[in-house]
Amino acid sequence: MIDAGLERKILDLAARYPRREAALLPVLSLLQSLTRGPLLQEDLAAAARLLGVSLAGAFGVRTFYSLYHDRPVGTHHLQVDTSVPGWLAGAKETLRAFEAGLGIQAGGTTPDGLFSLEEVEDLGSSDTAPIVRVAGRLCERVTPERAGVLLDALRSGRVAAWPADRRIVSECGILLGRAARGEPVGLAAYVRDGGYRALAKARSMSPEAIVAEVKASRLRGRGGAGFPAGLKWEVALAASAPVTVVCNADEGEPGTFKDRVLMEGDPHLLIEGLAIAARALGAERGYIYIRGEFDRAAGLLETALAEARAAGWLGAGERVFDLLVHRGAGAYICGEETALLESLEGKRGQPRLRPPYPAERGLFGGPTVVHNVETLACLPFIVGKGAEAFRAIGSADNYGPKIYCVSGRVARPGVYEMPMGVGLEDLIDLAGGATGRMKAVLVGGASSAILTAAEAAGLKLDFDSCRRRGTMLGSGAVVVLDESVSIPALAERTMAFFARESCGACVPCREGSDAVGRLLRRLARGEGTAGDLNLAAALCSGIGGTTLCPLGDAFATAVGSMLAKFRPEFEAGLAGPVTSTPQPA
């Protein structure tokens, strides 16, 4: 039951937001932290009353997000990431090892209540897979052989975290230079290295001059779409209401883990970028919407924010600007900016119809500029060194440094900061080369159209070059596939992710993802027919462009390209004869 002390905490959380209902997610997370099972109905009702939310609305939010339990869990709740990069690294085998070691299946709890086990999607560390999350701690490179060691350590209370060495290469030295040192950079070290000089310079500039510099830099958003940042700012500034800045740190695309590395290694770089954007846009309030699974990054950001406030970099100046870290609760769809804003307002994270776009009418109905972590991290260099210096890096109309995540079948997976437009072969060579003969590659994570090895030859990794090859750069999540990878199995695993993460708001995505997923499971198991193969391809062809947000396009493009380019491999596993039925273009 919610007592007077807990009620005070709930009201304190609500006071941090312009509207108290926006505190629903952090309040639900607070209440769940006090129990190992589902929230009690009376507690949910009391929280809803305090926040001015209907009980039905609060229940709808609780059931939407995957981090809210729907059953009791153990003292040690093990979450094993089996998304595509984890699957490639043997995460399914790790899951089986835990099942054998605990004597339970995924979704179960041991009779003594000490352990529970769950299969989850993408924990944002594809280069150190297999990954296991335990009570907010990430344990990395948990191979099947190490699963028993981890269980023994948990039983003895000896595990605080189980990190793995990460390969961080920073050729440009702009975004990952400090993070590559291996320890989180605090305020003193950040300032010694020139940190916050760009913000000091921005405070001496007019907002118009900052906007002009960013426009001149030709910075394109690093979240996937590549939309020019300066143009987004101009749209927001054209509105009459105050602008809000929001950082999209809900990094959930399988194969992407750069934003987590930036936040954990150099949190002040993100804070400085946000403060510069706020100065340009006249914003007094900003939010960092961070994945609920990123416990360590969220804690480091809170510490860095306190340091920045104490030093006068936040909450001071002619326009008082401050930031709030808002934690999500487990929903891939919240990486889509309008779904993120819905979630930030305390609702189910379901995308909005566009237009209007967030820059016109976003958070709480006001103009809102949403950028991802890497985009904002570019701003201190642009303001500090100038647009011309930024454009001196990269390729035509694809300027500046870019962080590429490399995982899958390579010798040295990791994060690589290179000039935008680096050659794919050069990047794979930096990662130690493919572990076998390269069969195919995903250059934009699980959402991108697959490229065969022949199609990928000579590819430059920038937005425009990838588009001309029929795929997308996205966030720069390069997943290498060698000849040992089964494309039907890859397609089934990819579709399982998207079917699970569909928000359910529109029929083509909700029903289509489930239908394609069932067909691919049959095909991957060698039980499918030619009719199943044709129907899966036809569904992918028909779903594209019909959904509320890009999630439907993502799986239709990704899986559709696998079905088209590797059809003989699918046909080889058919249970019946191959048909000559023509396929959709």
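Author: What follows covers confidence, a sheet, a helix pair and some salt bridges.

Reader: Ok, what am I looking at, and what gets counted?

Author: This is a predicted model, in which local features need pLDDT of at least 70 and side-chain atom pairs count only at pLDDT 80 or more, while totals for chains, interfaces and linings use all residues. Residues are numbered from 1 along each chain as its sequence is written, and side-chain values use heavy atoms, with hydrogens and water left out.

Reader: What's the mean pLDDT of the protein chain?

Author: The mean is 94, and 98% of the residues reach 70 or more. pLDDT is the predictor's confidence in each residue, from 0 to 100.

Reader: Where does pLDDT stay under 50?

Author: Over residues 580-585, for which the model has 8 contacts beyond four places in sequence. Contact means heavy atoms within 4.5 Å. Where pLDDT is low, the predicted coordinates should not be read in detail.

Reader: Switching to the sheet. What's the strand order in the open sheet of 4 strands?

Author: The order is β8-β7-β6-β9, with parallel pairing. Two strands pair if DSSP finds at least two bridges between them. Strands (E, at least two residues) and helices (H or I, at least four) are DSSP runs, numbered from the N terminus.

Reader: Which strands stand at the edges?

Author: β8 (322-327) and β9 (368-372); each has a single partner strand, so one side of each is left without a neighbour in the sheet. On average, neighbouring strands of this sheet are turned by 20° against each other, direction ignored.

Reader: And how many bridges between β6 and β9?

Author: Strand β6 (residues 244-249) pairs with β9 over 5 bridges, in the parallel sense. Val246 has Val370 in β9 as its bridge partner.

Reader: Helices next. At what angle do α10 and α11 cross?

Author: Roughly 145°, with the axes of α10 (residues 207-217) and α11 (residues 229-237) coming within 7 Å. Axes are lines fitted to C-alpha atoms, for helices over the stretch in contact, and angles run from 0 to 180 degrees between N-to-C directions.

Reader: Which residues meet there?

Author: From α10, Ile210, Val211, Val214 and Lys215; from α11, Ala229, Gly230, Leu231, Trp233, Glu234 and Leu237. By class, that contact has 7 nonpolar, 1 polar and 2 charged residues. Ala, Val, Leu, Ile, Met, Phe, Trp, Tyr, Cys and Pro count as nonpolar, Asp, Glu, Lys and Arg as charged, and the others, Gly among them, as polar.

Reader: Salt bridges: how many?

Author: The count comes to 40, taking a side-chain nitrogen of Lys or Arg within 4 Å of a carboxyl oxygen of Asp or Glu. Asp127, Glu140, Arg166, Arg260, Glu264 and Arg296 are linked in a network of them.

Reader: What about Glu99, buried or exposed?

Author: Glu99 counts as buried because its relative accessibility is 9%; buried means under 20% relative accessible area, exposed over 50%, partly exposed in between (1.4 Å probe, protein chains only). Glu99 forms a salt bridge with Arg96, the closest N and O atoms being 2.7 Å apart. Arg96, at 41%, is partly exposed.
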